[in-house]
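Hi,

Here is the model I said I would pass on.

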Amino acid sequence: MTNLFAAMGRWAVTALFCVSAIAFVWQGAFFSNTAAMAAPGTLVIAARTETGSEIQQDNKGFVQDAAEKVKDAANSNANRVDDATDNGSSIGRKAQRDAARIEKRANEDASRTQRAIDNNVNAVERAVDNIKDVFSK
């Protein structure tokens with residue numbers, strides 16, 4: 001029994017040593033390029049090139065474009081279904097109802113996302129202002 005415990009202990013020590021060696025080599029590979037690291041003892045503040053309102057407008061424009069693309073795709077798919085079926089068929093009407101529902105959801109999702117963008121940008125601006133206040137005192 002003691003031989004078994006001794007063998008298990010040697011295996012555990014060997015495994016721990018191998019894992020430590022692998023971690024040491026892996027860590028060294030990630031930190032081999034230290035050019036991007038800040039110099040010790042210096043304060044690094046990122047300079048902003050765009051204001052919060054510019055970022056906000058860019059993001060809102062992106063969300064609106066995405067909503068328009070979703071609505072266009074829904075309408076074109078509904079028109080294709082309508083063209084492929086008889087005029088006034090139940091499948092065509094269902095496709096038109098689905099397209100209308102998709103458009104409504106796209107508008108709701110876009111407005112909800114734009115409100116979230118407003119909230120996030122405002123929170124970031126408040127945080128930046130608070131940090132500036134702390135360093136200006």
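By buried I mean under 20% relative accessible area; exposed is over 50%, and partly exposed is in between (1.4 Å probe, protein chains only).

Before the rest, some housekeeping. This is a predicted model, so local features need pLDDT of at least 70 and side-chain atom pairs count only at pLDDT 80 or more, while totals for chains, interfaces and linings use all residues. Residues are numbered from 1 along each chain as its sequence is written, and side-chain values use heavy atoms, with hydrogens and water left out.

**Overall layout**

The protein has 3 helices and 0 strands, and from the N terminus the elements run α-α-α. Helices and strands here are DSSP runs numbered from the N terminus (H or I, at least four residues, for helices; E, at least two, for strands). Helix α1 covers residues 2–30, helix α2 covers residues 52–84, and helix α3 covers residues 90–136.

The expected span is 1.5 Å times one less than the number of residues.

Of the 137 residues in the protein, 12% are buried. The accessible surface comes to about 11200 Å², with 61% of it belonging to carbon and sulfur atoms; areas come from the Shrake-Rupley method with a 1.4 Å probe, and for residues only the protein chains shown count as cover. Taking contacts (heavy atoms within 4.5 Å) between residues at least 6 apart in sequence, 66% join residues at least 24 apart.

Leaving aside neighbours within four places in sequence, K71 is in contact with E103, A106 and N107. A106 is also among the buried residues of α3, a list that includes A95, D98, A99, A110 and Q114 too.

A78 is another α2 residue, and at 3% relative accessibility A78 counts as buried. Beyond its neighbours within four places in sequence, A78 is in contact with A95, Q96 and A99. A78 and A95 are 17 residues apart in sequence but 4.9 Å apart in space, C-alpha to C-alpha.

Elsewhere in α3 sits D109, which counts as partly exposed at 29% relative accessibility.

The loop between α2 and α3 holds S89, which counts as buried at 18% relative accessibility. The side chains of S89 and T85 are joined by a polar contact of 3.2 Å. A polar contact is a pair of N or O atoms within 3.5 Å; within protein, one must be able to donate a hydrogen and the other to accept it, and residues adjacent in sequence count only if both atoms are side-chain atoms.

**Salt bridges**

Side chains of opposite charge can pair when their charged atoms come close. How many salt bridges does a search of the whole structure find? It finds 5, a salt bridge being a side-chain nitrogen of Lys or Arg within 4 Å of a carboxyl oxygen of Asp or Glu.

One of them joins the side chains of K60 and D118 at 3.0 Å, N to O. K60 lies in helix α2 and D118 in helix α3, so this pair ties together parts that are 58 residues apart in sequence.

K71 turns up here again, in a salt bridge with E68 whose closest N and O atoms are 3.1 Å apart. Both lie in helix α2, 3 residues apart, about one turn of the helix. While K71 is buried, E68 counts as partly exposed at 33%.

In α3, R101 and D98 are also 3 residues apart, about one turn of the helix, and their salt bridge has its closest N and O atoms 3.2 Å apart. K94, D98 and R101 are linked in a network of salt bridges.

M1, L4, F5 and M8 make a nonpolar surface patch of about 490 Å². Patches use residues with over 30% relative accessible area and no salt bridge, joining like charges within 9 Å and nonpolar side chains (Val, Leu, Ile, Met, Phe, Trp, Tyr) within 5 Å. L4 lies in helix α1 and counts as partly exposed at 48% relative accessibility.

Cheers
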